[in-house]
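Please keep the structure open while going through the points.

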Amino acid sequence: MPVSVKYFCSIDKTQSLSGQNKILDSQPPHCYKYRKAFGELIPDKHFPAPDDAGDVHCSFKALQSMNTSTCTTQSDAEVKVSVVVPVYNSAAYLQRCLDSLSAQMKEGIEFVCVNDGSTDTSASILDTQAARDPRFRIIHKENEGYGKALNTAMKTARGVYIGIVEPDDWVEADMFSHLLGLAEKTGADIIKANYTIERKKISRPNEKFANYEEGACLAPANVPEYLSGAPSIWSAIYRREWLDERQIVFTETPGASFQDLGFCIRTWLAAGKIAITHKAPYHYWEDNPISSSRRMEDGAWAAYHELSMLSKVYEGIPADAKAIRSYLVRRIFATLRADYRHRIRETVKSFLLKYSNLLKKNFPLETLQQDIFTKNEWYDLQLIYTTPLLFPRKSRTRANLLQRVFSIRREANSRILRILGMSFILPRRK
């Protein structure tokens with residue numbers, strides 16, 4: 001049955017598509033044809049752009065859906081890497097991200113971008129990008145959170161390997177070709193790179209793997225300390241078949257808070273072999289005021305649900321692997337503290353009691369290796385297990401630093417005030 005299609009043609013590609021579109025009843029020459037299929041804009045392989053298209057730029061949107069299997073430019077066998085991009089209200093940074101993806105290898109790669117119900121101009125930016133570059137596939141859906149958006153993209157991904165890029169970050173032009181080269185050379189389940197932390201006035205490489213040779217393959221059990229660091233799931237590619245076999249997906253809790261933690265831990269512990277590179281081609285932008293790390297209050301109990309799920313992972317770790325268990329709990333403890341700082345006062349008591357019960361039930365203190373933790377971490381960890389309502393709001397390390405500058409100690413008949421190492425004795429108030 002023929003599909004009814006309207007074509008939207010923009011003649012001048014140097015100008016914005018808005019205001020330039022003309023509705024045509026038949027396919028114009030020298031244009032790509034796009035049909036709307038399951039919310040995606042996909043170039044139809046039956047109508048490729050001719051070699052003499054020149055400067056003409058066209059985009060098309062079909063008004064009826066059709067089977068996506070007939071609308072691809074690359075066969076499944078040709079796609080080596082699928083890069084998934086979850087997008088929610090990211091218009092301010094999105095084009096920078098998409099431009100960096102466009103600069104990747106020209107063949108063997110696809111970009112699956114999920115617009116998770118954005119209310120800004122992110123959707124139109126994505127559609128315009130797909131019209132320019134057939135490697136981009138766009139999925140528009142209602143807002144259901146970071147985890148659901150990534151799972152949606154991964155289900156449609158066709159690559160041998162899957163990469164993740166967040167819409168406010170950017171990558172260097174050779175990132176995925178370099179990681180793919182290591183993947184094909186080593187056959188590793190995960191190929192992991194360093195990354196660069198970016199702020200307005202600071203650019204700082206995060207060199208996690210400086211102590212290992214370039215291209216080295218690691219057994220996760222031999223580097224348990226990685227579990228206590230930041231997840232950084234996006235500076236890597238993952239073998240898709242292996243993810244499917246292990247049934248590793250993201251937790252589909254609301255918002256964008258902590259869903260990367262469980263994915264990071266499950267992939268690291270399940271991997272048979274992880275290849276690493278010293279390169280830091282992923283640029284992690286920290287100054288986005290609406291990034292997931294700054295919207296943790298939106299998903300009030302997201303971290304709790306994520307950690308509840310990780311209790312099953314913990315059970316699968318051998319009892320004699322105390323170092324792995326301890327580094328995992330150290331990461332959980334850091335997550336707990338980060339979440340705690342964003343609690344409103346009315347929820348603090350229930351928060352501390354819930355976390356205390358979760359830890360005591362699923363991560364017994366006697367199963368941990370104390371020397372993995374700092375002195376202050378171990379002290380606070382014992383508090384959350386035994387007397388949770390005394391757990392400090394600020395980390396003890398920060399508190400100790402403040403005490404070096406300013407402190408007051410109460411004596412029987414006086415108070416001792418210390419400022420920058422100098423002591424002053426004050427009479428005790430009556």
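Partly exposed is the class between buried, which means under 20% relative accessible area, and exposed, which means over 50%. Cysteine 217, at 37% relative accessibility, therefore counts as partly exposed, whereas cysteine 264, at 6%, counts as buried. The model is a predicted one, and zero disulfides are found in the structure.

**Helix 8 and its helical neighbours**

- Packed helices are described in general by the angle between their axes together with the distance between those axes.
- Helix 8, which covers residues 322–340, and helix 9, which covers residues 348–362, have axes that come within 11 Å of each other and cross at roughly 170°, and the two helices are therefore roughly antiparallel.
- From helix 8 this contact draws on Ile332, Leu336, Asp339 and Tyr340, while helix 9 contributes Val348, Phe351, Leu352, Tyr355 and Leu359; sorted by class, the contact residues comprise eight nonpolar, no polar and one charged.
- Helix 6, spanning residues 259–270, also packs with helix 8, their axes coming within 12 Å and crossing at roughly 170°, which means that helix 6 is roughly antiparallel to helix 8.
- On the helix 6 side the contact is made by Leu261, Ile265 and Leu269, and on the helix 8 side by Ile324, Leu328, Arg331 and Thr335; the classes represented are five nonpolar, one polar and one charged.

- When residues up to four places away in sequence are not counted, isoleucine 324 touches Ala221, Pro224, Leu227, Leu269 and Ile317.
- The C-alpha atoms of isoleucine 324 and asparagine 222 are 9.1 Å apart in space, although the two residues are separated by 102 residues in sequence.
- Serine 356 is placed in helix 9 and counts as buried because its relative accessibility is 1%.
- Leaving aside residues up to four places away in sequence, serine 356 touches Ile384, Tyr385 and Pro388.

**Salt bridges**

- Side chains of opposite charge can pair when their charged atoms come close, and a search of the whole structure finds ten salt bridges.
- Arginine 135 and aspartate 133 meet through their side chains in a salt bridge with an N to O distance of 2.7 Å, and both arginine 135 and aspartate 133 are buried.
- Glutamate 286 and arginine 199 likewise meet in a salt bridge, here with an N to O distance of 2.6 Å.
- This pair links distant parts of the chain, 87 residues apart: glutamate 286 belongs to the loop between strand 15 (274–285) and helix 7 (302–315), and arginine 199 to the loop between strand 11 (190–198) and strand 12 (203–206).
- Glutamate 286 is partly exposed because its relative accessibility is 21%, and arginine 199, with a relative accessible area of 36%, is therefore partly exposed as well.
- Glutamate 377 forms a salt bridge with arginine 330, with the closest N and O atoms 3.0 Å apart; here too distant parts of the chain are linked, since glutamate 377 lies in helix 10 (residues 375–386) and arginine 330 in helix 8, 47 residues apart.
- Arginine 330 has a relative accessible area of 23% and so is partly exposed.

- The buried residues of helix 3 are Tyr146, Gly147, Ala149, Leu150, Asn151, Thr152, Ala153 and Met154.
- Which elements do the buried residues of helix 3 pack against? The strands are strand 6 (81–87), strand 7 (109–116), strand 8 (136–141) and strand 9 (161–164), and the helices are helix 5 (240–246) and helix 6.

Definitions and conventions. Residues are numbered from 1 along each chain as its sequence is written. This is a predicted model: local features need pLDDT of at least 70, side-chain atom pairs count only at pLDDT 80 or more; totals for chains, interfaces and linings use all residues. Side-chain values use heavy atoms; hydrogens and water are left out. Axes are lines fitted to C-alpha atoms, for helices over the stretch in contact, and angles run from 0 to 180 degrees between N-to-C directions. Helices (H or I, at least four residues) and strands (E, at least two) are DSSP runs, numbered from the N terminus. Angles under 35 degrees count as roughly parallel, over 145 as roughly antiparallel, 65 to 115 as roughly perpendicular and the rest as oblique. Contact means heavy atoms within 4.5 Å. Ala, Val, Leu, Ile, Met, Phe, Trp, Tyr, Cys and Pro count as nonpolar, Asp, Glu, Lys and Arg as charged, and the others, Gly among them, as polar. A salt bridge is a side-chain nitrogen of Lys or Arg within 4 Å of a carboxyl oxygen of Asp or Glu. Buried means under 20% relative accessible area, exposed over 50%, partly exposed in between (1.4 Å probe, protein chains only). A disulfide is a pair of cysteine sulfur atoms within 2.5 Å.
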